[in-house]
Amino acid sequence: MKEHHSVTNAVPPPLTVIGAGDIAAETDRHRPELLEVVRAAYLAHDAGQSSNPHSSFLRFPHQDRSRIISLPAYLGGAFEIAGNKWIASFPDNTRHGIPRASATLTLNDCATGYPFACMESSIVSATRTAASAVLGAQTLLGARRARRVGIVGTGLIARHVWRFLRDLDWVIEGFRLFDLDTAAAGRFGAALAEHTEAEVVVADQVEDAFTDCDLVVLTTVAAEPHVHDPRLLAHNPVVLHLSLRDLTPEVILTAQNFTDDVDHAVRERTSLHLTELRTGNRDFIDGTLADLLCGRLVRHHERPAVFSPFGLGVLDLAVGKWVHDRVVAAGRGHRVTDFFTGAEA
């Protein structure tokens with residue numbers, strides 16, 4: 001995977017611009033391979049072959065629900081790539097018929113520092129999030145099987161999680177869907193029904209997406225916890241807490257808790273952060289997904305398990321580099337040869 005774009009004869013390197021169509025064409029066809037790319041990125045990060053500073057949050061005083069996040073990172077090992085994801089979340093966009101999230105990913109050469117790619121990144125971001133989630137689910141459940149899956153929040157991330165479950169041949173008997181927008185949940189349910197013989201039910205309340213579900217996927221835009229009752233986890237499900245702020249400390253403290261990087265996840269008023277503020281410690285966090293992958297920890301099946309991945313920039317780099325290499329090898333993307341020409345040294 002290593003590739004350097006060196007500057008020769010004082011000629012700056014070209015920049016390749018890759019749009020959503022080319023990215024979707026690759027990610028849609030290769031989800032099992034992408035799961036392994038994400039696994040390799042987690043293990044490289046766990047081995048100390050990365051630099052992943054805290055994300056920076058740009059907030060707007062006049063739009064308290066909107067934000068733009070910067071995720072710079074370096075990932076070494078077999079990847080040897082640096083870059084930055086710049087991702088915006090504007091929930092009111094959906095009222096105007098455009099997606100909530102938009103993003104770009106810049107990839108930088110580690111020998112020269114020059115950017116060599118600028119990519120549309122909402123698909124990269126959703127892909128790495130879903131791959132991380134499904135990797136966590138199969139690790140915690142011990143198989144690619146769930147009797148019933150509850151999904152809370154039926155937007156972009158939920159769709160990508162479902163596609164990973166489908167393309168990795170998960171055996172699922174039923175789905176329970178909940179969204180504050182019941183029409184959105186209905187559309188998602190109709191899309192599921194086209195591709196699965198599993199029972200699909202749109203739930204009337206969020207609690208119904210937990211009841212009798214051995215896998216629960218939380219993909220909301222909630223800014224504050226809204227799931228309060230620890231008894232919802234009494235049947236010991238695996239909960240993929242992808243939106244990070246849905247569960248109250250009381251619910252978190254009921255479970256075995258795993259994340260992707262503790263220092264990253266316990267901040268910015270996530271549920272884990274609120275639990276730390278409540279307890280005064282982080283003892284309730286059992287460890288990371290890499291701990292599970294490496295066998296340093298195991299899930300206790302007599303307790304519920306909650307996986308709360310913060311979403312590391314190194315994952316965006318791994319997936320983005322994988323996509324870039326395939327697109328360029330196929331002769332696609334828009335290559336700008338003079339992007340840096342004329343810039344002062």
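## Helix H2 and its neighbours

The axes of helix H2 and helix H4 (residues 156-167) come within 9 Å of each other and cross at roughly 110 degrees, where axes are lines fitted to C-alpha atoms, for helices over the stretch in contact, and angles run from 0 to 180 degrees between N-to-C directions. H2 and H4 are therefore roughly perpendicular to each other, given that angles of 65 to 115 degrees count as roughly perpendicular, those under 35 as roughly parallel, those over 145 as roughly antiparallel and the rest as oblique. On the H2 side the contact (heavy atoms within 4.5 Å) is made by Arg31, Pro32, Leu34 and Leu35, and on the H4 side by Arg163, Phe164, Arg166 and Asp167. By class, the residues of this contact of H2 with H4 divide into four nonpolar, no polar and four charged; here Ala, Val, Leu, Ile, Met, Phe, Trp, Tyr, Cys and Pro count as nonpolar, Asp, Glu, Lys and Arg as charged, and the others, Gly among them, as polar.

This is a predicted model, in which local features need pLDDT of at least 70 and side-chain atom pairs count only at pLDDT 80 or more, while totals for chains, interfaces and linings use all residues. Residues are numbered from 1 along each chain as its sequence is written, and side-chain values use heavy atoms, with hydrogens and water left out. Helices (H or I, at least four residues) and strands (E, at least two) are DSSP runs, numbered from the N terminus.

Helix H2 (residues 31-46) also packs with helix H10 (residues 313-329), at an angle of about 135 degrees and with the axes 9 Å apart, and that angle makes H2 oblique to H10. Glu33, Leu34, Val37, Val38, Ala41, Tyr42 and His45 in H2 meet Val314, Leu315, Ala318, Val319, Trp322 and Arg326 in H10, and this contact of H2 with H10 has ten nonpolar, one polar and two charged residues. Within H10 lies Asp316, which at 1% relative accessibility counts as buried, meaning under 20% relative accessible area, with exposed over 50% and partly exposed in between (1.4 Å probe, protein chains only). Leaving aside residues up to four places away in sequence, Asp316 touches Leu71, Lys85, Leu105, Val124, Ser125 and Arg128. Glu36, for its part, is placed in H2 and is partly exposed, with a relative accessible area of 37%.

The next topic is the interior. A nonpolar core is a set of buried Ala, Val, Leu, Ile, Met, Phe, Trp, Tyr and Cys residues joined through side-chain atoms within 4.5 Å. The largest such core has 65 residues, of which Leu75, Met119, Val161, Trp170, Phe175, Leu215 and Leu240 touch the most other members, and helix H3 (residues 122-141) gives the largest share of this core, ten residues. Apart from it lies another core, of 30 residues, among them Phe57, Ile87, Val216 and Ala265.

Two loop residues complete the tour. Asp169, found in the loop between H4 and strand E9 (171-178), has a phi near 60 degrees, a positive value in a residue other than glycine, and is exposed, with a relative accessible area of 61%. Leu244 is placed in the loop between strand E12 (238-241) and helix H6 (249-252); the phi of Leu244 is near 70 degrees, a positive value in a residue other than glycine, and Leu244 is buried, with a relative accessible area of 7%.
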